[in-house]
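Here is a short briefing to read alongside the sequence and the 3D view. Keep the viewer open and click along as you go.

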Amino acid sequence: MLSDIPIATPSGYHLEPALAAIKHKKHVIIEKPMEITPEREAMIIDAAKKEGVYVTGVFQSRFYDAPQLIKKAIEENRFGRLTLCDAQVKWFRSQEYYDSGAWRGTWKVDGGGALMNQSIHAIDLLQWFCGKAEEVQAFTATLAHERIEVEDTGVAVVKFKNGALGVIEGSTSVYPGFLKKIEICGTEGSVVLEEESLKVWSFKNERPEDAQIRERFENMTKAGGGASDPKAINTLGHEKQFNDFASAIIEKREPAVSAESASEAVKIITAIYESSRSGKVVKV
């Protein structure tokens, strides 16, 4: 019999219920981010290992077909050497959105602003595609909202451990809001992912299936992706991730998004915050 618990409390309140569930030998699926600092995420990971249960963080964007194709192309070395890898999340949230919950826009419970809450899915995809980040330098600001402690606009330059460079842009200050975009570029190929659509799929060594991929995925996006409406999000990725987690429990294997993998985006984001505060390059 499956025995798992989903946790979807505000971000900074994930740790305590997760630890309680793990203590009772329950497998746990946690909405993004798993927690708001690497240290709090590590506590969840360590507890799960001690009790022998599985934990996953919800990063449903990995489960859509287009990101899966990009990941496969990277693993097949179709891009050659990765050179520039960027993520853009130019979204919009109204003042009413932040005013709708006392925890929104706070460091203690939200853990951050446009980067931690909204852009984290794109940042997760970026590191899933390109590998771990090594260091960042960043600026953040609050430009369009009142009564929030955190950023509604941020930009960071990233150096990945494989040598590739990139830029992360995240906001809730851009009207009317645009679909999130990931660009993966290398010496032998480039791809532009706009939400669920592939706007560019171009490789030096063309394969017969590439034309079919371009035709099928050029206009795959069917929802707004949350660009201006938090409710306008396709739920197919969530369904696929929940199914994978159930299968992982039955098959006694790590879920496709392991707890360790799910923790990488928060490491990048908290390094961005540290860089913005200090004005220095920060190791991830």
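Does Ile70 count as buried or exposed? At 1% relative accessibility, Ile70 counts as buried, since the cut-off for buried is under 20%. Please keep in mind that this is a predicted model.

**The nonpolar core**

- The largest nonpolar core has 65 residues, and Ile70 and Ile184 touch the most other members.
- Helix α6 gives the most to this core, with 8 residues.
- If you set aside neighbours within four places in sequence, the contacts of Ile70 are Phe79, Phe129, Ile184, Val191, Leu193, Leu198 and Trp201.
- Another core lies apart from the largest one; it has 5 residues, including Ile29, Tyr54, Val58 and Phe245.
- For a sense of distance, the C-alpha atoms of Ile70 and Ile272 are 25 Å apart, while in sequence the two residues are 202 residues apart.

**Helix α6, inside the fold**

- How many residues of α6 are buried? The count is 11 of the 11, so α6 is largely enclosed by the rest of the structure.
- If you want to select them in your viewer, the buried residues of α6 are Ile120, His121, Ala122, Ile123, Asp124, Leu125, Leu126, Gln127, Trp128, Phe129 and Cys130.
- One of these, Phe129, is also in the list of residues that Ile70 contacts.
- Gly131 follows α6 and has a positive phi, near 95°.

**How α6 packs against α10**

- Helix α6 covers residues 120-130 and helix α10 covers residues 264-278; their axes come within 9 Å and cross at roughly 110°.
- Angles of 65 to 115 degrees count as roughly perpendicular, and α6 and α10 are therefore roughly perpendicular to each other.
- The crossing of α6 past α10 is right-handed.
- On the α6 side, the contact uses Ile120, Ile123, Asp124 and Gln127. On the α10 side, the partners are Glu264, Ala265, Val266, Ile268 and Ile269.
- By class, the residues of this contact are 6 nonpolar, 1 polar and 2 charged.

**How α3 packs against α7**

- From α3, Asp65, Ala66 and Leu69 make the contact, and from α7 the partners are Ile213, Arg216 and Phe217.
- This contact of α3 with α7 has 4 nonpolar and 2 charged residues, with no polar ones.

**Cis peptide bonds**

- Which residues does the cis peptide bond with omega of about -20° join? They are Lys32 and Pro33, and Pro33 sits in the loop between β2 (27-30) and α2 (38-51).
- A cis peptide bond also joins Tyr175 and Pro176, with omega of about 5°. You will find Pro176 in the loop between β7 (165-171) and β8 (181-186).

- Lys25 is not a glycine, yet its phi is positive, about 65°.
- To find Lys25, look in the loop between α1 (15-23) and β2. Lys25 is partly exposed, with a relative accessible area of 48%.
- Asn77, a residue other than glycine, has a positive phi near 60°. Its place is the loop between α3 and β4 (82-90).

- Where is Lys280? It is in the loop between α10 and β11 (282-283).
- Lys280 counts as exposed at 55% relative accessibility, because the cut-off for exposed is over 50%.
- Not counting residues up to four places away in sequence, Lys280 touches Val136, Gln137 and Ser275.
- The C-alpha atoms of Lys280 and Cys130 are separated by 23 Å, and the two residues are 150 residues apart along the chain.

Note on methods
Residues numbered from 1 in each chain as written. Predicted model: local features only at pLDDT ≥ 70, side-chain atom pairs only at ≥ 80, totals over all residues. Heavy atoms only, no water. Axes fitted to C-alpha atoms, helices over the stretch in contact; angles between N-to-C directions. Helix = DSSP H or I, 4+ residues; strand = E, 2+ residues; numbered from the N terminus. Parallel < 35°, antiparallel > 145°, perpendicular 65-115°, else oblique. Left-handed = near helix turned anticlockwise from the far one by under 90°. Contact = heavy atoms within 4.5 Å. Nonpolar A, V, L, I, M, F, W, Y, C, P; charged D, E, K, R; others polar. Core = buried A, V, L, I, M, F, W, Y, C linked by side-chain atoms within 4.5 Å. Buried < 20%, exposed > 50% of the residue type's maximum accessible area, 1.4 Å probe, protein only.
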